[in-house]
Amino acid sequence: MVGESRAQWWVKHAAVVLVTLLVLLPVYWMVNMSFKDKAEFVARPPTLLVRKPTLDNYYDLLVTQRFYQYGVNSLVVAVMAAVLAVTVGTMAAYALARFRLPRNFNTHLLFTALTVRMFPPVVTIIPIYALYTKTWFGHRLIDTHVGLALVHGFVEIPLVMWMMIGFFRDIPRDMEEAALVDGDSRLAVLRKIAIPLAAPGLAATFILVFISSWNEFLMALILTQSKSQTLPIAVAGQITQYDIRYGNMMAAGVITTLPVLVLALLAQRHLTRGLALGGVTG
Amino acid sequence: MTATQRSGGEGVSAPVSYRHVFKRFGGVTAVDDLSLEVANGEMLVLLGPSGCGKTTSLRMLAGLESISAGEIRIGERVVNHLPPRSRDIAMVFQSYALYSHLSVYENLAYPLRVRKLPKAEIDRRVREVADVVQIGELLERKPRALSGGQRQRVALGRAIIRRPSVFLMDEPLSNLDAKLRLHTRGELKRFQRELATTTIYVTHDQAEAMTLADRVAIMSKGVLQQVGPPKAVYADPVNVFVAGFLGSPPMNLLRFDLTQAAGEPTLAAPGLVAPLAPSLARRLRRAGHAGDTVILGVRPEDVELSRDDGHGGMPAEVFVVEDLGNERLVTLALGGQYAVARVAADAPAEMGERMWLRFAPGKAHLFDPATEARIGEREAD
Amino acid sequence: MATADPSLSRQHLDEPGPTAAPAAGEGVPWWERNLAWLLVSPTILLLVVFSLIPTVMLVRFAFSNVKLQRGGFGVDPTGFDNFVRAFGDPLVRDAVGITLKWVAVVTTAEVLLGLALALLLAGGVRGRGVFTSLLIIPIIMPPVAVSVAWLFMYEPNFGVFNYLLNQAGLPSVRWLSDKSIALYSMMAVDVWQATPFVFLLLYAAILSLPRDPYEAAAIDGAGRWHVFRTVTLPLLGPVLLVVVLLRLIDAARAFDKIFVMTRGGPGTSAYTMTVTIYNEAFAKFDFGYASAISFLFQIVMVIVGTVYVRRALADYSAPAE
């Protein structure tokens, strides 16, 4: 800004420091507490930095309580959901970015998909639960990885369409036309030109869908039980017990956050575009 | 058409023909009844201002744009409904459209890989073409690491490696700087002669058209105006548009009333009366020109200037004088209009001075202001 | 962090996209001629299976008594009974009130804080790259982890908040077990998680605003407040509207943090619409009644959602042929 005074500079930077502290405090506190043993956990005053770091909480959670299996469930579901959403959504995005379908279908489809994404999941989950508890061809989708991955993938197809339409439109039209003239079919152009050029965006989109599935709570709560329960549901399950083991919960919070954080940093550059659709919160 | 042609895209050059071709976008007619025959091995330049339909015409031939009506043939085949890959063409784009994620080598190899040629054959031809367009040492680079001129060469190489039956070029030089453009223009002409392959070249630059073309086709507002060898079109433009589009500076187009003074046919404009040369009067009469106005066209190089009126010219005031070193451009105000004369560098002319403008009647062009079409044929006086 | 304008309407969708002529005619296999339809068909199929069919089922459930039985749901039509019951149910009335309160407080706080922060930092800040990276943490953090972290800070006996209060000589607060406080405690958690989100979107939008109007205003000698009202706000308007609508929609379906921290309690004091529907369906197994409430909730959300998407897609156009 023009003509900034010294005082304004200080206010601005003080605000940054304050907000940073506020944002980090709960996260720091969780990490800090997760390494404390039982005695230090309840110590007064609380130790700002853990004195005797221990991995007991993590060991108890992962090994004794076998929490890793929920992590595996979450991982399997999130990967399947991301593969589904990215594959289906990218196909649709390419069609919408490069072809004009009759009767303004391009706009209608995008509009419908985005509107559906804005619906509260609790509404459609009741009929989906009904569909999932029914037996289809000798199988039930309730409490299966595939079942949860299908809905997780489905709800993020609009996000993928939204992101990928943008990435595809960034590719020069000439380049795809040159490939057509050089002898490719439309599908070969998608495979050999559009997809490789949109690869960084594709990866970022994959990560966003992965995070969204990994974090999702309501649908996982309803559609999974013992066999395919995901990490968030297992963590929440700890709280209902009479003896709330806070140390374990802190460790569980850290374990649940860590993969998402690493992935988010990788996809950071494309995050704002995804955020504009409500991105990964939900 | 031979068997090898179909399988490997080893095209033998083929003629191209547009027959009553139309292209409509919604309610807009972008190409209006285009009929054009391009001979085998010929370099035809489609010339016109932006939006005149030249690029659309080229894209219809490429199969990148559908054809609203009419017929396009490559050789004997009607290609209207063939996808681009079945038309045996190669195209150089204005942006070059190099595959930015592939190396120069892979860019060149792309059309051959699509056609599943054997690896050894691909390698041999990539190196051969790289030599021809002089990018042999750049094969491992990615397009973004190349200069504009190098990219242009890769684009050209990617087109000629196919040995197609027709080359399509869409303003291939317009992204180069002026000096490189002149150099590449010359090279392009040599390549085309050596390959002896039918080439359709789109440009808005009339100098490019004049230097490259065997024949030039001039378009305006979707309509083909005139086709012919550059010299012929330059010498005898069929209408005001072509006359004004070709040449730099363009032809002077002066509008006059046709009157009689003392029984002699006379040209009149505000503040100006000049006798009409008998040969021009005869030309008007023979063509049966009925209107009482006429557009007189004279190229700047055909205008003579003198400080005295001894030769019966038109009086004019020198408006501005521009020295180009080897020649001068003198802009004159006469009869409420302007005309440019291209004269020798040492020819006398001062701003504000009164001078007399003259031209040989045989060098003059006549156009009908109502239709903008040429009136009569020029004849040597 | 990308500094591109994050509003939906500005992102690459405003220019008509390129398209080549459709491949047609002989020598083109049927699948290539219909490639566009083939590419969108999986999306359409999934929309039908996971949205259209469930919506039809939901309407049917809403007018029925639905019982869980062997091999699926038993559906027994009951007309408008569920709706009559819903309109007289104090729990539903409370849920509407609680949800509205939640949406109003949370959205207002997040947008005002986010906007203030964005405006404050728009002039450029040292280490803004690090700052924006740190702000991503709450945004992407699993809600269950957020809940767990705050749950412990809210802990009445050895949580950090009560420790600080006691140090200052103040009495402890029952952050999550006092009916009059719990909802607000949980709102604070949502504000903590979503304000960075609002900030990032608005900050990116402000950075991509044109400079000229500001220079013109500076030359005219306009004051800061005046510049904000006459230049920034109108320019930012469309983005701001999109962000507000997005937060409204998101806040209206608040569930996970509330469910994890108090199960909607204490009592029913934090029963939002989603918590209420969840309880009717999956705690009381009254699927018909839950569907009826869902249906009413859905109608409201469809309206807000449609307005949002219309706004967001204001400038979208399909590829020109």
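## Close-up views, one at a time

**View 1. Leu44(B) has Ile200(B), in strand 8 of chain B, as its bridge partner.** Before going further: this is a predicted model, in which local features need pLDDT of at least 70 and side-chain atom pairs count only at pLDDT 80 or more, while totals for chains, interfaces and linings use all residues. Residues are numbered from 1 along each chain as its sequence is written, and chains are lettered from A and ligands numbered from 1 in the order in which they are written. Helices (H or I, at least four residues) and strands (E, at least two) are DSSP runs, numbered from the N terminus. Strand 3 of chain B pairs with strand 8 (residues 198-203) of chain B in the parallel sense, over 5 bridges. Strands are said to pair if DSSP finds at least two bridges between them. Strand 3 of chain B also pairs with strand 9 (residues 215-220) of chain B, again in the parallel sense, this time over 4 bridges. Here Leu47(B) stands opposite Ile218(B) of strand 9.

**View 2. Strand 3 (residues 43-47) of chain B is largely enclosed by the rest of the structure, because 5 of its 5 residues are buried.** Buried means that 20 or more other C-beta atoms lie within 10 Å of the residue's own; exposed means 12 or fewer, partly exposed is in between, and C-beta atoms are placed from the backbone. In a regular strand, side chains alternate between the two faces of the sheet. Which residues point which way in strand 3 of chain B? Met43(B), Val45(B) and Leu47(B) go one way and Leu44(B) and Leu46(B) the other, and all are buried.

**View 3. Helix 3 of chain B has a set of buried residues: Val104(B), Asn107(B), Leu108(B), Ala109(B), Tyr110(B), Pro111(B) and Leu112(B).** What covers them includes helix 4 (119-132) and helix 5 (148-160) of chain B. Just after helix 3 of chain B comes Lys116(B), which takes a positive phi of about 55°.

**View 4. Chain B meets chain A through 17 residues from chain B and 13 residues from chain A.** On the chain B side, strand 6 (89-92) and helix 3 (104-114) each supply at least two residues. That side divides into 12 nonpolar, 3 polar and 2 charged residues. The classes go like this: Ala, Val, Leu, Ile, Met, Phe, Trp, Tyr, Cys and Pro count as nonpolar, Asp, Glu, Lys and Arg as charged, and the others, Gly among them, as polar. Two residues are in contact if their C-beta atoms, placed from the backbone, lie within 7 Å.

**View 5. Chain A and chain C each put 99 residues into their contact.** On the chain A side, the largest share, 13 residues, comes from helix 1 (residues 6-34) of chain A. By class, that side of chain A has 64 nonpolar, 21 polar and 14 charged residues. Chain A itself has 14 helices and 0 strands, and 57% of its 282 residues count as buried.

**View 6. Ile277(C) sits in helix 12 (residues 273-282) of chain C.** Is Ile277(C) buried or exposed? Ile277(C) counts as buried, because it has 28 C-beta neighbours inside 10 Å. Leaving aside neighbours within four places in sequence, Ile277(C) is in contact with Val122(A), Ala290(C), Ile293(C), Ser294(C) and Phe297(C). Ile277(C) and Ala95(C) are 182 residues apart in sequence, yet 9.5 Å apart in space, C-alpha to C-alpha.

**View 7. The axes of helix 10 (residues 224-252) and helix 13 (residues 287-312) of chain C come within 10 Å and cross at roughly 155°.** That makes helix 10 of chain C roughly antiparallel to helix 13 of chain C. Axes are lines fitted to C-alpha atoms, for helices over the stretch in contact, and angles run from 0 to 180 degrees between N-to-C directions. Angles under 35 degrees count as roughly parallel, over 145 as roughly antiparallel, 65 to 115 as roughly perpendicular and the rest as oblique. The crossing of helix 10 and helix 13 of chain C is left-handed, a label used if the near helix is turned anticlockwise from the far one by less than a right angle (right-handed if clockwise). Among the residues making the contact are Leu241(C) and Leu245(C) of helix 10 of chain C and Met301(C) and Tyr308(C) of helix 13 of chain C. By class, this helix-to-helix contact has 12 nonpolar, 1 polar and 1 charged residues.
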